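Please look over the protein shown below.

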Amino acid sequence: MPEPHLNGAYYGPSIPPPLKTYHRPGHGGGGGGCCCNPFTCCCSCIFNCICTCIFQILCTLLIIIAVVGFILWFVLRPNKVNFHISDASLTQFDFSTKNNTLHYDLHLNVSIRNPNKRIGIYYDSIEARAMYHGQNFSIVKPDPFYQGHKNTTDLNLVFTGQDSVQLGSEYNIEKDTGVYQIGLRLYLRIRFKFIWIKTKKIKPIINCDLKVPFKGNGTFKRTQCNLDW
């Protein structure tokens with residue numbers, strides 16, 4: 001039953017207004033941090049994608065190079081070119097202690113064997129140095145030439161003349177035995193050819209350590225040379 005002193009409807013106590021909150025830029029937690037730096041996630045994703053792409057490209061290139069190398073090896077089947085001194089003749093090797101002059105007459109036959117079936121070789125430049133216990137005493141330069149597949153080429157090198165050198169006691173010892181330890185070093189500039197493809201010039205060095213008998217003091221033994229890059 002309504003109270004006699006109330007003349008109108010009763011609505012109850014008034015509801016206070018809601019409290020307002022403010023977010024300052026750059027502060028606050030939760031989702032506000034994300035909105036303040038929207039590029040962080042994107043930059044991280046782009047960097048990861050770039051690294052992944054580079055890694056995949058490098059792996060692909062390595063695989064391609066390995067496959068191409070294997071195919072070339074399988075097709076060409078490259079074999080080492082062999083250098084031998086097949087013959088040597090020493091008819092003069094006189095050293096004068098008065099003026100330290102060596103008079104020499106040395107003939108060498110260099111046998112070069114290309115065993116490859118599909119690879120030819122251009123010998124664009126050859127410099128042959130005759131040495132005695134580490135000292136050069138003569139240099140000759142044969143003419144350039146091309147060597148075909150499965151071919152053997154003989155170079156006749158003639159070292160004759162005189163040169164000023166400093167020799168030690170080893171000369172007198174070897175003069176008594178009649179056998180001289182002479183070195184031959186070949187400085188080459190060569191290119192390889194496969195069909196119409198030619199490689200760039202490479203510069204191998206061939207070393208030959210020889211025991212050459214003087215005149216009729218024995219027979220020269222065929223000697224293999226070594227490759228030295």
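## Ser-111

In which strand is the place of Ser-111? Ser-111 sits in strand β2, residues 101-114. Helices (H or I, at least four residues) and strands (E, at least two) are DSSP runs, numbered from the N terminus.

This is a predicted model, in which local features need pLDDT of at least 70 and side-chain atom pairs count only at pLDDT 80 or more, while totals for chains, interfaces and linings use all residues. Residues are numbered from 1 along each chain as its sequence is written, and side-chain values use heavy atoms, with hydrogens and water left out.

Is Ser-111 buried or exposed? Ser-111 counts as buried because its relative accessibility is 9%. Buried means under 20% relative accessible area, exposed over 50%, and partly exposed in between (1.4 Å probe, protein chains only). Setting aside neighbours within four places in sequence, Ser-111 is in contact with Asn-82, Phe-83, His-84, Ser-86, Thr-152, Thr-153, Asp-154 and Arg-222. Contact means heavy atoms within 4.5 Å.

## Lys-203

Lys-203 lies in the loop between β8 (197-198) and β9 (205-213). Its relative accessible area is 52%, so Lys-203 is exposed. Lys-203 and Ser-125 are 78 residues apart in sequence. In space, their C-alpha atoms are 9.4 Å apart.

## The disulfide

How many disulfides does a search of the whole structure find? The search finds one. A disulfide here is a pair of cysteine sulfur atoms within 2.5 Å. Cys-208 is joined to Cys-225, with an S to S distance of 2.0 Å. The pair links distant parts of the chain, 17 residues apart: Cys-208 is in strand β9, and Cys-225 is in the loop between β10 (223-224) and β11 (226-228).

Why is the disulfide right-handed? The torsion about the S-S bond of Cys-208 and Cys-225 is about 105°, so the disulfide is right-handed. Cys-208 is buried, with a relative accessible area of 1%. Cys-225 also counts as buried, at 7% relative accessibility.

Cys-49 is in no disulfide, and the nearest cysteine sulfur, that of Cys-53, is 6.4 Å away. Cys-49 is partly exposed, with a relative accessible area of 47%. Cys-53 is in no disulfide either. At 42% relative accessibility, Cys-53 counts as partly exposed.

## Strand β9 and its partners

β9 is mostly covered, with seven of its nine residues buried. Strand β7 (residues 179-194) runs antiparallel to β9, and nine bridges join them. Two strands pair if DSSP finds at least two bridges between them. Tyr-187 stands opposite Ile-205 in β9.

β9 and β11 also run antiparallel, joined by three bridges. Asp-228 in β11 is the bridge partner of Ile-205.

## The whole chain

The protein chain has three helices and eleven strands. From the N terminus on, its elements run α-α-β-β-β-β-β-β-α-β-β-β-β-β. Of its 229 residues, 30% count as buried. Among contacts between residues at least 6 apart in sequence, 70% join residues at least 24 apart.

The chain averages a pLDDT of 83, and 76% of the residues score at least 70. Over residues 26-36 the pLDDT is below 50, and beyond near neighbours in sequence this stretch has one contact in the model. pLDDT is the predictor's confidence in each residue, from 0 to 100.
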